[in-house]
Amino acid sequence: MKKISLSKTPIFLEFLKRFIKYKNYEDLFEFDMEKELFITGYCKCGQKDCATVYLKRIKEWEEKDHIVNLASTTKGLVLLHIEENGLMEFEALEYTKYPYKNEIKKVFKWKKSTLTPKDKEILDNYFRDLAPEKLNCITIDDDKVTSTKCDCISI
Ligand SMILES: [Zn+2]
């Protein structure tokens, strides 16, 4: 299994830090991410709106933390899966411009990545007006499929 340090993906690391702050996930990440957390792969489904990343932490999360944290935002749907054996899936969907997507691919081709002022600007723009959004609820009624914004889950 390939293990890439988050220090090699400064854009993703910065994104993750800001995302953790945005969603108040600090309790789950009270450790040195650059030392303990590694990227092991990314989703290769080829869909433009997917930027899912697979990670592994050296230590385990506590059993109570083994959950899926859901974040539905105006710029994508993120499901943060904390699993056994330190595995973590950062499932990022429904948005075509996750700022770190190209970086991950690049680094897996052994190319270097740096956090340039331009990247910082892109990250600033992503988080500046990021807001929660209701999930799409899909109802299937006979042959009719309807998709509506749903109240059943609030985030
Ligand atoms: Zn995918």
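Biologist: Which residues touch the most other members of the largest nonpolar core, and what makes this set a nonpolar core?

Modeller: Phe12, Val53, Leu55, Phe90, Tyr100 and Ile104 touch the most other members of this core, which has 24 residues. The set is called a nonpolar core because its members are buried Ala, Val, Leu, Ile, Met, Phe, Trp, Tyr or Cys residues joined through C-beta atoms within 7 Å. Buried denotes 20 or more other C-beta atoms within 10 Å of the residue's own, exposed 12 or fewer, and partly exposed a count in between, with C-beta atoms placed from the backbone. At least two residues of this core come from each of α1, β2, β3, β5, β6 and α3, and α1 gives the most, with 6 residues. This is a predicted model, in which local features need pLDDT of at least 70 and side-chain atom pairs count only at pLDDT 80 or more, while totals for chains, interfaces and linings use all residues. Residues are numbered from 1 along each chain as its sequence is written.

Biologist: With which residues is phenylalanine 12 in contact, leaving aside its neighbours within four places in sequence?

Modeller: They are Leu6, Val53, Tyr100, Glu103 and Ile104; contact means that the two C-beta atoms, placed from the backbone, lie within 7 Å.

Biologist: How do you know that the length of α1 agrees with its number of residues?

Modeller: Helices (H or I, at least four residues) and strands (E, at least two) are DSSP runs, numbered from the N terminus. The expected span is 1.5 Å times one less than the number of residues; for the 13 residues of α1 this gives 18 Å, and the end C-alpha atoms are 18 Å apart, which agrees. Within α1, Ile11, Phe12, Leu13, Phe15, Leu16 and Phe19 are buried, and their cover includes α2 (33–36), β3, α3 and α4.

Biologist: Which residues of α3 are buried, and what covers them?

Modeller: Lys101, Glu103, Ile104 and Val107 are the buried residues of α3 (101–108). They lie on the same side of the helix, because their arc around the axis is only 165°, taken from the directions from the helix axis to the C-beta atoms. Their cover includes β1 (4–5), α1 (10–22), β2 (37–42) and β3 (53–57).

Biologist: What makes β5 and β6 a pair?

Modeller: Two strands pair if DSSP finds at least two bridges between them; β5 (76–82) and β6 (87–93) have 6, in the antiparallel sense, and therefore pair. One of these bridges joins histidine 81 to glutamate 89 in β6. β2 and β3 likewise pair antiparallel, over 5 bridges, and β1 is joined to β2 by 2.

Biologist: Why are β1 and β4 said to stand at the edges of the sheet?

Modeller: The open sheet has 6 strands in the order β1-β2-β3-β6-β5-β4, with antiparallel pairing. β1 and β4 (68–73) each have a single partner strand, so one side of each is left without a neighbour in the sheet.

Biologist: Why is tryptophan 110 called exposed, whereas glutamate 94 is called partly exposed?

Modeller: Tryptophan 110 has 8 C-beta neighbours inside 10 Å and therefore counts as exposed. Glutamate 94 has 16, so it counts as partly exposed. Most residues other than glycine have a negative phi. Tryptophan 110, in the loop between α3 and α4 (117–128), has a positive phi near 60°. Glutamate 94, in the loop between β6 and α3, has a positive phi of about 60°.
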